[in-house]
Amino acid sequence: MFLLVRDQRGFTLGELLVVIAILGLMLAGLLTVQMAGQQSYLIGSHRVEAQQNGRIALELMVRELRSATVVTAIPSATDISFQYKDVQGGVEILHTVRYQLAGAVLNRTFDGVTTPLIGGVVTFNLTYFSAYVGSTNTGTPAADNTQVRLVRVQLVTGTEESVASYSDSNQ
């Protein structure tokens, strides 16, 4: 009635070693694919973060520059100071604002209090014009701060992590 299985030897050591070697190679391949996917995700998220930070910094800077009543100082192409009036409760308040690049950090000084605005700044360049023709994209450079009528702001950001110049994270 019941058939007895007579060959119950199991697996040999050689067979087990071959199976373990094959499983090891498969897991190594899966680990490599998973790590590449994680690296791609990190590169993308760092790019998005750098773009968002740059966009927010530019929005704030442009909003304040458009409200400026006077440019008080233009010491360099990476530094500007200006004033603007704010009305709070029917009272006009004069605020002094300064944007300055220090290394790879763009600092904002508001009424004497300096705070870092964004990090990872690759290029920050301010160009001051006394007259500007938008159709030809040309202008007359301002000789001093009293002649400034338009400020062109250029901001290039990168990830704040130090990476090699050829790395995908640095694009």
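Modeller: Helices (H or I, at least four residues) and strands (E, at least two) are DSSP runs, numbered from the N terminus. This is a predicted model, where local features need pLDDT of at least 70, side-chain atom pairs count only at pLDDT 80 or more, and totals for chains, interfaces and linings use all residues. Residues are numbered from 1 along each chain as its sequence is written, and side-chain values use heavy atoms, with hydrogens and water left out.

Colleague: Glad to have that settled! What makes β6 and β7 a pair of strands?

Modeller: Two strands pair if DSSP finds at least two bridges between them. Strand β6 (residues 121-133) and strand β7 (residues 138-141) are joined by 4 bridges, so they pass, and they run antiparallel. One place to look is tyrosine 132, which stands opposite glycine 139 in β7.

Colleague: Which residue in the hairpin of β6 and β7 takes a positive phi?

Modeller: Asparagine 137, with a phi near 55°; the hairpin has 4 residues between its strands.

Colleague: And how do you know that β6 pairs with β8?

Modeller: By the bridge count again: 8 bridges join β6 to strand β8 (residues 150-157), and these two run antiparallel. Here phenylalanine 129 stands opposite leucine 150 in β8.

Colleague: Let's turn to the helix. How do you know that the length of α1 agrees with its number of residues?

Modeller: The expected span of a helix is 1.5 Å times one less than its number of residues. With 54 residues, α1 should span 80 Å, and its end C-alpha atoms are 79 Å apart, so the two agree.

Colleague: Why is leucine 65 called buried?

Modeller: Buried means under 20% relative accessible area, exposed over 50%, and partly exposed in between, using a 1.4 Å probe and protein chains only. Leucine 65 has 17%, therefore it counts as buried. Leucine 65 sits in helix α1 (residues 13-66), where the buried residues include Ile43, His46, Ala50 and Leu60.

Colleague: What does leucine 65 touch?

Modeller: Contact means heavy atoms within 4.5 Å. Leaving aside residues up to four places away in sequence, leucine 65 touches Ile80, Phe82, Val151 and Val153.

Colleague: How many aromatic pairs does a search of the whole structure find?

Modeller: There are 2. Rings of Phe, Tyr and Trp (its six-membered ring) pair if their centres lie within 6.5 Å; planes under 30 degrees apart count as stacked, over 60 as edge-to-face and the rest as tilted. Phenylalanine 82 and tyrosine 99 lie 6.2 Å centre to centre with 20° between the planes, so that pair is stacked. The pair links distant parts of the chain, phenylalanine 82 in β2 and tyrosine 99 in β3. Phenylalanine 82 is buried at 0% relative accessible area, and tyrosine 99 is buried at 0% too.

Colleague: Last one: what makes the link between the side chains of histidine 95 and aspartate 111 a polar contact?

Modeller: A polar contact is a pair of N or O atoms within 3.5 Å; within protein, one must be able to donate a hydrogen and the other to accept it, and residues adjacent in sequence count only if both atoms are side-chain atoms. The two side chains meet at 2.7 Å, so the distance passes. Histidine 95 lies in strand β3 (residues 91-102) and, at 7% relative accessibility, counts as buried.
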